[in-house]
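Please look over the sequence and the three-dimensional structure shown below.

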Amino acid sequence: MSQKLEVGSLVTVTDDTFAELVLASDRPVVVDFWANWCPPCKAIEKSLVELAQEFGDRMVVAKINSDENPVATRSYRVMSLPTLLVFRQGEVVGSTVGSRPKTYLRQTLTAQAGW
């Protein structure tokens, strides 16, 4: 594996590693599509780091820079940032668009992950 999936931390995904780290994962994966110029993206990053720690090994929390990785961004028709997509067994099972409070993210992501 090109990047070790560390429990409780945000995993950086690229176009080159997307299939391996997201689609082939045996755990649910939430992918945060973000960009440097996006203030709402920066606003939810702290919540995502904290949720990654809470979720532990039950869910992977990943981020992908949309500007630097246009293939995945286009493939999943991401039009607004931040966009969170939840994958289970390589399929999108849920999404959230925009900056949301941590409590909302926790509730929504766990429901979309299937627990």
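## Basis of the description

This is a predicted model, in which local features need pLDDT of at least 70 and side-chain atom pairs count only at pLDDT 80 or more, while totals for chains, interfaces and linings use all residues. Residues are numbered from 1 along each chain as its sequence is written, and side-chain values use heavy atoms, with hydrogens and water left out.

## The sheet

Helices (H or I, at least four residues) and strands (E, at least two) are DSSP runs numbered from the N terminus, and two strands pair if DSSP finds at least two bridges between them. By these rules five strands form an open sheet of mixed pairing, in the order β1-β3-β2-β4-β5. Because β1 (11–12) and β5 (91–97) stand at the edges with a single partner strand each, one side of each is left without a neighbour in the sheet.

Within the sheet, β2 (residues 29–34) and β3 (residues 60–65) run parallel and are joined by six bridges.

Q112 counts as buried because its relative accessible area is 17%. Leaving aside neighbours within four places in sequence, Q112 is in contact with V86, R88, V93, G94, S95 and T96. Just after α4, G114 takes a positive phi of about 95°.

## The annotated cysteines

An unreviewed UniProt entry lists C38 and C41 for "active site"; its positions are given in the numbering used here, feature names are shortened, and annotations may be inferred rather than shown by experiment. C38 is found in the loop between β2 and α2 (39–55), and it counts as buried because its relative accessibility is 2%. Not counting residues up to four places away in sequence, C38 touches L81 and P82.

C41, in turn, is found in helix α2 and counts as buried at 4% relative accessibility. Apart from neighbours within four places in sequence, C41 is in contact with F33, W34, A35, L81 and P82.

## Nonpolar cores

A nonpolar core is a set of buried Ala, Val, Leu, Ile, Met, Phe, Trp, Tyr and Cys residues joined through side-chain atoms within 4.5 Å. In the largest one, which has 15 residues, V13, F18, V22, V31, F33 and I64 touch the most other members, and α1 (18–23), β2, β3 and β4 each supply at least two residues. Beyond its neighbours within four places in sequence, V31 is in contact with F18, V22, A62, I64, T83, L84, L85 and F87. Another core of 14 residues lies apart from the largest one, and L10, L51, A52 and L109 are among its members.

## An exposed residue

R74 lies in helix α3 (residues 70–75) and is exposed, with a relative accessible area of 59%. The C-alpha atoms of R74 and G56, which are 18 residues apart along the chain, are separated by 29 Å.

Notes:
Buried means under 20% relative accessible area, exposed over 50%, partly exposed in between (1.4 Å probe, protein chains only). Contact means heavy atoms within 4.5 Å.
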